[in-house]
Amino acid sequence: MTYEFTTEDLKEIEKIKSRYPEVKPATLPVLWIAQKRFGHVDPDVQKLVAATLELPEAHVHGVASFYTQYYKEKKGKYVLDVCTCLSCQLCGGYDMLHYLEEKLEIKAGETSDDGLFTLNQVECLGACGYAPMLQITNDKYVNNLTHEKIDKLVDSLKKGEEPGYEKMEMPLRKNN
Amino acid sequence: MPQVIIDGQTYEFEGKHKLLQFIQDLGKEVPFFCYHPSMTAPANCRQCMVKVGQFVKDRESGEYELDDNGEKVIRWFPKLQTSCNIDVADDMIVHTQETDALVRRAQKDNLELILINHPLDCPICDQAGECPLQIQTYKYGPEGSRFEVKKVHKPKRVVLGPRVVLDAERCINCTRCTRFTEEISKTNQLTITSRGDKNYPTTAPGREFTDPYSLNTVDICPVGALTSADFRFRARVWEMNQTPSIDITNGKGCNIDLWTRDNLVLRITPRYNGEVNDHWMPDEGREAYKIFNENRISRPLQKLDGEQILSSWNNSIATFNEQIAARDKKEILFIGSPHASVEENYALQQLANLMGINEVIFTSHTESGKGDDFLLTDDLAPNTTGCRLLGLKELDQKDLGFRVKKASLIVLVNDHFIDREIFSASDLDGKYLVSFATNHSKTTKFADLVIPITTAAEHAASYVNVDGRIQRTIPAKETKYSNRRLNLEMSEGRLDRYGTNFDNWVTEDNKIDCIPLWNFITEAANASGLDLSFEDGRSMMNEISDKFKPFENVSYEAMDAHAGIQLSLNPKTESPKVK
């Protein structure tokens with residue numbers, strides 16, 4: 001499959017390039033643009049990025065493969081990263097993961113047949129105070145998960161409605 | 001002059017130095033893996049840690065701060081430093097592993113970390129015996145590992161390109177190979193993929209490691225991760241014998257080492273020469289082992305009734321002289337070769353002089369577009385400049401064809417004109433072709449007399465590269481008539497030293513029945529009553545340097561002492577510089 005940037009993308013890339021004295025540092029943001037456009041940065045997209053920036057293909061591959069947030073293969077429309085690190089684990093992270101596995105009928109690491117969901121088990125996302133939690137496609141967090149919250153989330157995602165950012169309050173320490 | 005104190009010893013220095021290189025230049029040692037003197041130092045192996053400090057000085061008065069005992073106070077860097085990328089500074093105090101238990105401990109623990117996922121398959125690894133990781137683990141490493149979990153598995157036997165095979169498990173991610181493709185060969189073909197304990201060097205997906213210098217990454221790999229597809233599993237390092245020599249596959253004359261075992265050249269690696277090739281050589285030069293080993297002519301061949309049959313040396317000498325005596329001198333054509341050494345061309349030239357034959361001619365062997373401003377040259381022969389400096393007449397291919405048409409006896413030295421399509425077999429109808437050659441080719445097939453001569457791996461002879469640098473070879477392989485123990489210039493490997501004819505790993509078959517061209521010429525000249533005698537390359541070079549202005553002051557001793565001598569290519573104005 002061949003991929004191509006749109007003219008807007010190319011304009012954006014030019015803008016990014018002008019921010020740095022060299023081209024190399026533009027690799028990361030341009031990979032983001034590519035991932036936004038195509039949903040992933042598989043080897044063909046990496047080649048496109050390399051050709052657009054006139055950088056060695058090996059360099060772009062090295063950068064893309066270093067960061068797990070770049071998807072090196074086609075994923076579902078929504079990638080659900082369920083945290084199972086310590087705090088989430090204690091508060092039921094695995095329970096949430098398994099509930100999602102059953103609900104979406106896929107195992108962690110797999111993509112659903114309708115191409116809508118990819119389920120991942122991940123390590124700490126830095127929201128230990130609101131455990132258990134998950135992240136939608138490298139972006140929004142859904143905190144304090146319960147089975148009901150997951151049901152609602154999946155339903156709205158199926159309708160194409162992404163939840164907004166959730167405002168979380170830090171519990172205040174009681175000084176007596 | 002600025003001073004630095006290393007392990008209690010004071011050294012003066014000038015200019016900018018990296019600490020690790022400075023310590024090495026002193027002949028001392030600090031272990032390291034990722035550092036390479038010709039490349040940048042990313043300090044990612046963390047093995048070269050040393051303790052570094054600075055005397056405390058009062059900024060205003062410039063006086064040293066003293067403690068209660070009157071000793072200068074040292075302010076140590078808060079952590080151990082990687083010596084490869086720290087600059088040597090005035091008043092610096094350095095403790096290496098030799099004097100400091102903390103440094104010893106740091107290096108030991110670092111090795112333990114590096115070895116966590118290293119397979120330790122030294123008994124089947126090609127690198128064993130010349131492996132920095134193996135050597136340094138013996139010297140500085142822990143006695144054992146405390147790591148009892150299963151090691152991480154990574155891809156093995158990955159064919160990166162036509163010449164390089166990767167074993168990712170052995171890799172310690174020093175990035176020497178990726179830096180080589182970025183900084184030296186500039187093809188940028190390698191990168192480190194993935195991260196953490198899963199990373200290893202590789203090419204971009206779907207791409208091959210086709211770099212014309214790819215095998216240098218095998219040389220600089222400090223472990224057995226990158227191996228040569230050709231040499232993999234061919235020999236253990238300690239069984240081979242290493243002989244310094246010169247690359248004869250192009251005009252650059254890269255300095256190389258020939259690795260032989262039982263008189264077969266098994267691999268060729270570059271040897272450092274800052275004036276010529278630094279630490280590198282092109283992949284093509286490494287293929288030359290095939291020239292030395294395979295398809296060799298052994299014993300003279302002579303055509304009888306249109307068929308080549310094996311002949312004897314006496315017979316071939318007699319035939320050679322008969323053929324020359326039977327012809328008008330004007331019909332005899334002696335063709336020298338840029339593929340032959342200075343000494344061989346000189347011997348041919350002297351014979352032609354004495355016989356009253358026309359001047360010796362030669363034609364260069366070039367392929368335009370082949371050169372790359374690095375170590376590949378348009379010139380495909382190692383000694384074109386040498387032929388010119390000897391005053392051989394250079395003809396282009398057309399003129400050469402014209403001369404060949406007029407001749408009835410052609411004497412060809414180590415050049416394959418039919419293979420090079422300078423003339424075809426039909427041009428030779430009715431002419432007598434004498435071919436002095438090392439390997440069978442289309443040309444030798446048509447020759448009426450084929451005399452096997454020694455290759456660069458079997459004789460000591462010199463070659464002048466495209467830049468006018470004269471460098472010499474040292475015999476690495478025995479012929480039927482040479483012997484390592486008698487020829488003091490040849491070195492002996494373990495198997496050469498202790499093997500006998502009764503061992504099944506020693507064979508006489510790899511010794512070629514050939515002699516140096518100058519020996520044949522001496523025999524032929526003496527048989528026809530001419531006063532001409534050559535003994536060896538060393539004495540011939542002394543003769544040459546007496547007779548030819550450009551070779552003034554050139555001798556084997558001088559070449560050995562200075563890793564080759566830069567000749568002046570314009571002999572009328574300058575005399576050669578001994579560098």
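Me: In this predicted model, how many residues of chain B are in contact with chain A?
Reply: This is a predicted model, and the contact between its two chains can be counted from either side. Chain A brings 9 residues to that contact, and the number in chain B that meets them is 13 residues.

Me: Which strand gives the most to the side of chain B that touches chain A, and how do the residues of that side divide by class?
Reply: The residues of that side of chain B divide into 4 nonpolar, 7 polar and 2 charged. Among the elements of chain B that contribute to it, the one that gives the most supplies 4 residues, and this is strand E9, residues 190–193.

Me: What confidence does the predictor give to chain B, and over which residues is the pLDDT below 50?
Reply: The mean pLDDT of chain B is 93, with 98% of its residues reaching 70 or more. One stretch falls below 50, although in the model it has 18 contacts beyond near neighbours in sequence. Where pLDDT is low, the predicted coordinates should not be read in detail. That caution applies in chain B to residues 573–579.

Me: How many domains does the assignment give chain B, and which are their bounds?
Reply: The domain assignment of chain B begins with domain 1 at 3–114 and continues with domain 2 at 122–228. Domain 3 is written as two segments, 301–457 + 514–551, which brings the assignment to domain 1, domain 2 and domain 3.

Me: How many residues does domain 1 of chain B bring to its contact with domain 2 of chain B?
Reply: The centres of these two domains, taken over C-alpha atoms, are separated by 28 Å. Domain 2 of chain B puts 19 residues into the contact, while domain 1 of chain B puts in 16 residues. By class, that side of domain 1 has 8 nonpolar, 6 polar and 2 charged residues, and the number asked for is 16.

Me: How far apart do the C-alpha centres of the two domains of chain A lie?
Reply: Chain A is divided into domain 1, residues 7–66, and domain 2, residues 78–158. The distance between their C-alpha centres is 29 Å.

Me: Is A:Tyr20 buried or exposed, and why?
Reply: A:Tyr20 is placed in the loop between helix H1 (7–18) and helix H2 (27–38) of chain A. Leaving aside neighbours within four places in sequence, A:Tyr20 is in contact with A:Pro25 and A:Ala26. Because A:Tyr20 has 12 C-beta neighbours inside 10 Å, this residue counts as exposed.

Me: Which residue of E22(B) is the bridge partner of B:Ser435?
Reply: E21(B) pairs with strand E20 (residues 409–413) of chain B in the parallel sense over 5 bridges, and in that pairing B:Leu412 stands opposite B:Ser435. E21(B) is also joined to E22(B) by 4 bridges, again with the strands running parallel. In E22(B), the bridge partner of B:Ser435 is B:Val450.

Me: Which residue of E22(B) is the bridge partner of B:Leu301?
Reply: Strand E15 of chain B and strand E22 (residues 449–452) of chain B pair in the antiparallel sense over 2 bridges. Within E22(B), the bridge partner of B:Leu301 is B:Val450.

Me: Which residue takes a positive phi in the hairpin of E15(B) and E16(B)?
Reply: E15(B), residues 301–304, and E16(B), residues 307–310, run antiparallel and are joined by 4 bridges, with B:Gln308 as the bridge partner of B:Lys303. The hairpin has 2 residues between the strands, and the one with a positive phi near 55° is B:Asp305.

Me: Which residues does B:Ile410 touch beyond four places in sequence?
Reply: The largest nonpolar core has 136 residues, and B:Ile410 is one of the members that touch the most others, along with B:Phe32, B:Phe334, B:Leu412, B:Val434 and B:Ile521. Not counting residues up to four places away in sequence, B:Ile410 touches B:Leu333, B:Ile335, B:Val404, B:Lys431, B:Leu433 and B:Val434.

Conventions
Residues are numbered from 1 along each chain as its sequence is written. Chains are lettered from A and ligands numbered from 1 in the order in which they are written. This is a predicted model: local features need pLDDT of at least 70, side-chain atom pairs count only at pLDDT 80 or more; totals for chains, interfaces and linings use all residues. Two residues are in contact if their C-beta atoms, placed from the backbone, lie within 7 Å. Ala, Val, Leu, Ile, Met, Phe, Trp, Tyr, Cys and Pro count as nonpolar, Asp, Glu, Lys and Arg as charged, and the others, Gly among them, as polar. Domain bounds come from an automatic or database domain assignment. Two strands pair if DSSP finds at least two bridges between them. pLDDT is the predictor's confidence in each residue, from 0 to 100. A nonpolar core is a set of buried Ala, Val, Leu, Ile, Met, Phe, Trp, Tyr and Cys residues joined through C-beta atoms within 7 Å. A residue is buried if 20 or more other C-beta atoms lie within 10 Å of its own, exposed if 12 or fewer, and partly exposed in between; C-beta atoms are placed from the backbone.
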